[in-house]
Amino acid sequence: MQAAVGDTLLVHGRTVGHHDRTAQVLEVLGQNGNPPYRVRFEDDGHEALMSPGPDTVVRHPGDPR
C-alpha cells in the first residue's frame with residue numbers, strides 16, 4: 001500500500017454494526033509512500049498513527065470513485 005499526503009484512506013467496517021470510516025493522510029512516516037501514516041478521521045476529527053490492513057483502500061485526489 002502506498003499513499004501520499006492528501007490521499008484518503010477508506011477503512012471498511014470489519015464486523016456487523018461497524019461502519020466504514022475515512023481518514024485523510026496528513027503525514028507519511030514510511031519510505032516511498034509506505035505506512036505508517038499520520039491521519040485525521042473525518043467522522044470525529046481525531047488524529048492517529050495508522051498502519052492500514054487489507055480492509056483499507058487508498059483513494060487519491062481526483063479518483064472518479
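The model is predicted, so local features require pLDDT of at least 70 and side-chain atom pairs count only at pLDDT 80 or more, whereas totals for chains, interfaces and linings use all residues. Residues are numbered from 1 along each chain as its sequence is written, and side-chain values use heavy atoms, with hydrogens and water left out.

Select residues 8–11, which form strand β1, together with residues 21–28, strand β2. Strands here are DSSP runs (E, at least two residues), numbered from the N terminus. The two strands run antiparallel and are joined by 4 bridges; pairing requires that DSSP find at least two bridges between strands. Within this pairing, Leu10 has Thr22 of β2 as its bridge partner.

Now display Arg21 and Phe41. Arg21 lies over the face of Phe41, 4.1 Å from the ring centre; the criterion is CZ of Arg, or NZ of Lys, within 6 Å of the ring centre and within 35 degrees of the ring normal.

Finally, centre on Glu27 in strand β2. Leaving aside residues up to four places away in sequence, Glu27 touches Val5, Pro36, Tyr37 and Arg38, contact meaning heavy atoms within 4.5 Å. The C-alpha atom of Glu27 is 10.0 Å from that of Asp7, 20 residues away along the chain.
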